[in-house]
Amino acid sequence: MTQAPPAIRRVAILGGNRIPFARSNTVYANASNHDMMTATLQGLVDRFNLHGERLGEVVGGAVMKHARDFNLIRESVLSTTLAPETPAFDIQQACGTGLEAAMLVANKIALGHIECGIAGGVDTTSDAPMGLNEALRKILLQVSRAKTSVQRLAALSQFRPQMLVKPALPRNGEPRTGYAMGEHCELMAQEWDIAREDQDALALQSHQNLARAFKDGFFTDLMTPYKGVTQDNNLRADLSLEKLRSLRPCFDKKVRPEQGTLTPGNSTPLTDGASAVLLASEAWAAAHQLPVLAYLTFSEVAAVDFFDKKEGLLMAPAYAVPRMLARAQLSLQDFDFYEIHEAFAAQVLCTLKSWEDPIFCLNKLGLAQPLGAIDKSKLNVNGSSLAAGHPFAATGGRIVATLAKMLAQKGSGRGLISICAAGGQGVVAILER
Amino acid sequence: MAVLQASRKRPATVESLEPVVYVRPAVTLDALSMAAYTQVCAGTPDQGVPLLYPQMLTFPLAMAYFASSYCPWPAMGTVHLANHVRQHTPIHAGDVLRVEMQTGQLLAHDKGQVFNLEFRVLKDDQLVWEATQTLLRLGVKNPVGPDYASALNNDHPLSLQSSFVADGGIGRRYGRISGDLNPIHLSALSARIFGFRRAIAHGMWTQARALSAMLPRHAIAQAQVHVEFKTPLFLPARPTLWTTRAIEGDLSHNALFEARNAKGDKPHLRASLSYNLA
């Protein structure tokens with residue numbers, strides 16, 4: 001056998017960068033995934049003076065990907081001032097992409113495969129990939145495969161004019177059920193009896209916390225402006241409960257007609273943006289004289305059967321967190337901060353309620369005692385997705401960088417990250433200092 | 001016809017209403033009639049016998065009373081001010097029910113005399129459903145009785161839950177199944193004769209339509225709903241339903257709701273609802 005592998009090392013988070021997030025079809029309507037990811041990575045490179053550095057690896061992805069986004073992260077790295085000898089690859093796990101990318105980079109650092117890396121993600125729903133009408137696509141492929149004019153003509157004769165006006169659009173909904181994510185969450189809100197008022201209150205809190213964080217300059221060293229934007233443009237600093245109450249439920253028609261609770265105010269909007277996080281071994285950080293903000297110590301993933309067993313589509317983190325807590329030998333209350341991605345206010349509240357429910361904890365999680373309640377004053381204290389918006393693959397990076405800085409500001413402590421994802425999956429992690 | 005002839009009576013002050021009881025000793029709950037009612041009120045069959053449906057059975061009794069000499073005032077021009085329904089146990093199609101109406105309390109109102117009609121529905125001598133219909137006879141000077149007081153305030157903030165359609169013909173369709181063919185509900189032309197610029201919806205329809213969206217899509221056991229009618233709902237319209245469940249109440253599920261205009265700033269009715277699941 002060759003030399004024994006080195007001991008597992010702590011993984012340090014040194015910082016992050018993101019561009020302000022924008023509601024789809026607003027200021028970033030014409031920005032491509034490549035452009036946004038490049039701008040974000042370059043901002044990180046500038047902040048940490050990594051020009052010409054060969055990093056261990058850059059990992060990231062986009063959920064809404066064009067065919068031209070082949071090698072998206074590698075192409076973005078090549079467009080920055082990082083050494084072109086920096087390897088990169090793409091991953092995709094819906095909204096879990098960003099945190100999963102961080103886990104992959106962290107694992108390589110921990111095992112000694114690389115010394116440092118960047119984990120990131122980008123998404124745009126404005127610049128959506130549209131395909132040719134499926135029937136037309138098959139005809140064109142037949143034409144290109146044809147060897148004789150007769151064969152080509154035979155293929156082309158199947159063309160019908162309507163194929164020109166019916167492109168293949170990205171589907172808004174779970175492939176298996178045909179329901180949109182919001183409709184799945186409306187079903188969850190019904191199952192867990194989550195009141196409209198509680199959802200609106202959580203949404204308001206997210207906006208108020210994010211507004212305060214911007215006002216306090218919290219994002220100054222976590223964000224670089226892009227296309228003239230300096231602040232997440234979904235943020236409504238003047239949002240009121242009265243305004244939230246006046247919004248009409250938008251996911252009720254198919255699943256809960258006339259009895260819905262999810263509105264555009266307590267659901268995240270479609271958003272464009274990108275984020276990236278710099279992770280490294282302590283040795284690399286010390287050699288570059290970069291302070292460590294926090295350490296990524298634990299992570300876990302889970303998936304639920306939302307199709308046959310009809311578990312809530314967004315309930316996977318409810319399963320992932322207790323598995324991780326058991327490994328880490330921690331209780332749910334042993335945290336100073338909770339960063340729970342807000343796909344919908346109802347989804348956050350369902351997750352919290354499930355952890356307090358003895359029957360769910362016993363039957364679904366196999367726990368004799370419920371996990372219990374969290375201190376809500378520690379939840380998303382600098383705002384989260386409902387206010388900032390949620391470019392799918394960029395949220396993981398946003399949350400990791402935000403939490404790492406919060407722990408650094410506090411000086412010590414422990415934070416829990418929980419992110420749900422389409423396809424019934426969830427990724428969770430613990431950051432410590 | 002008798003009701004129209006009784007319009008010859010004039011609004012007058014009375015000391016009290018003659019205590020009379022009108023009875024329909026055996027009424028069978030007809031599934032077809034209930035289905036027609038459910039359809040007009042946008043309910044679903046899994047909600048069972050609609051909460052307000054038994055009040056349909058009392059309508060002939062109320063009309064007989066208005067036509068009689070026991071009632072000092074005509075039916076025409078009486079405003080339905082409020083309604084309080086209590087369901088004690090669920091009932092089912094095919095049940096044979098005894099339906100009773102008796103005169104109730106008099107209350108004084110700025111605009112005239114308020115009087116209650118008390119309805120009771122019994123099955124095998126057991127009270128299964130009861131209601132108090134609060135009516136206002138306009139124009140009566142010096143009304144008698146304790147002051148009428150609204151039981152519902154608008155202190156609780158409500159959230160927009162849904163909107164529904166009140167089309168131009170809903171007054172005719174609900175009039176046919178309820179028997180309440182008051183011309184003010186039937187068409188703009190007939191409504192204008194009685195001072196309304198367009199036909200207005202029956203308050204009991206608006207309430208039933210709102211309840212279809214308020215009640216769960218399965219049977220309930222005990223329930224009570226108290227409604228106060230506010231501004232007229234001129235047809236056609238797209239009213240909005242505003243609700244909250246963040247309130248205390250007598251039963252396991254409690255809610256407040258208002259059916260408001262399309263803009264959401266003027267209530268057509270305000271109500272409180274409580275129910276236990278079956």
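**Entry 1: strand E10 of chain B**

I started with strand E10 (residues 267–277) of chain B, where eight of the 11 residues are buried, so the strand is largely enclosed by the rest of the structure. By buried I mean 20 or more other C-beta atoms within 10 Å of the residue's own; 12 or fewer is exposed, in between is partly exposed, and the C-beta atoms are placed from the backbone. Strands (E, at least two residues) and helices (H or I, at least four) are DSSP runs, numbered from the N terminus.

A note on ground rules: this is a predicted model, where local features need pLDDT of at least 70 and side-chain atom pairs count only at pLDDT 80 or more, while totals for chains, interfaces and linings use all residues. Residues are numbered from 1 along each chain as its sequence is written, and chains are lettered from A and ligands numbered from 1 in the order in which they are written.

Which strands pair with E10(B)? Strand E7 (residues 220–229) of chain B does, antiparallel, over eight bridges. Strand E9 (residues 253–260) of chain B is also antiparallel to E10(B) and is joined to it by eight bridges. I count two strands as paired if DSSP finds at least two bridges between them. E9(B) and E10(B) form a hairpin with six residues between them, and Gly264(B) in the turn has a positive phi of about 90°.

**Entry 2: the whole sheet in chain B**

I zoomed out and found an open, antiparallel sheet of 10 strands, ordered E1-E3-E4-E5-E2-E7-E10-E9-E8-E6. Strand E1 (21–28) and strand E6 (159–163) of chain B stand at the edges with a single partner strand each, so one side of each has no neighbour in the sheet. Neighbouring strands are turned by 20° against each other on average, direction ignored. Axes here are lines fitted to C-alpha atoms, for helices over the stretch in contact, and angles run from 0 to 180 degrees between N-to-C directions.

Strand E2 (residues 78–87) of chain B runs antiparallel to strand E5 (residues 126–138) of chain B, with nine bridges between them. Val79(B) stands opposite Leu136(B) in that pairing. Helix H3 (residues 53–67) of chain B lies across E1, E2, E3, E4 and E5 of chain B, at about 60° to E3(B).

**Entry 3: where the chains touch**

I checked the contact between the chains: 11 residues from chain B and 11 residues from chain A. Contact means C-beta atoms, placed from the backbone, within 7 Å. On the chain B side, the largest share, four residues, comes from E6(B). That side has five nonpolar, five polar and one charged residues. My classes: Ala, Val, Leu, Ile, Met, Phe, Trp, Tyr, Cys and Pro are nonpolar, Asp, Glu, Lys and Arg are charged, and the others, Gly among them, are polar.

The expected span is 1.5 Å times one less than the number of residues. H3(A) is mostly covered, with 11 of its 14 residues buried, including Glu100(A) and Met103(A). Just after H3(A), Gly112(A) takes a positive phi of about 85°.

Helix H14 (residues 395–410) of chain A reaches 22 Å over 16 residues, close to the 22 Å expected. Gly411(A) follows H14(A), with a positive phi near 100°.

How do the axes of H3(A) and H14(A) cross? They come within 5 Å and cross at roughly 60°. Among the residues in contact are Gly98(A) and Ala102(A) of H3(A) and Gly396(A) and Val400(A) of H14(A). By class, this contact has four nonpolar, five polar and no charged residues.

**Entry 4: cores**

The largest nonpolar core has 124 residues, with Ile13(A), Ala102(A) and Leu279(A) making the most contacts inside it. H3(A) gives the largest share of this core, eight residues. A nonpolar core is a set of buried Ala, Val, Leu, Ile, Met, Phe, Trp, Tyr and Cys residues joined through C-beta atoms within 7 Å. Beyond four places in sequence, Ile13(A) contacts Leu279(A) and Val400(A), among others. A second, separate core of 64 residues includes Ile184(B) and Ala271(B).

How values were computed. Two residues are in contact if their C-beta atoms, placed from the backbone, lie within 7 Å.
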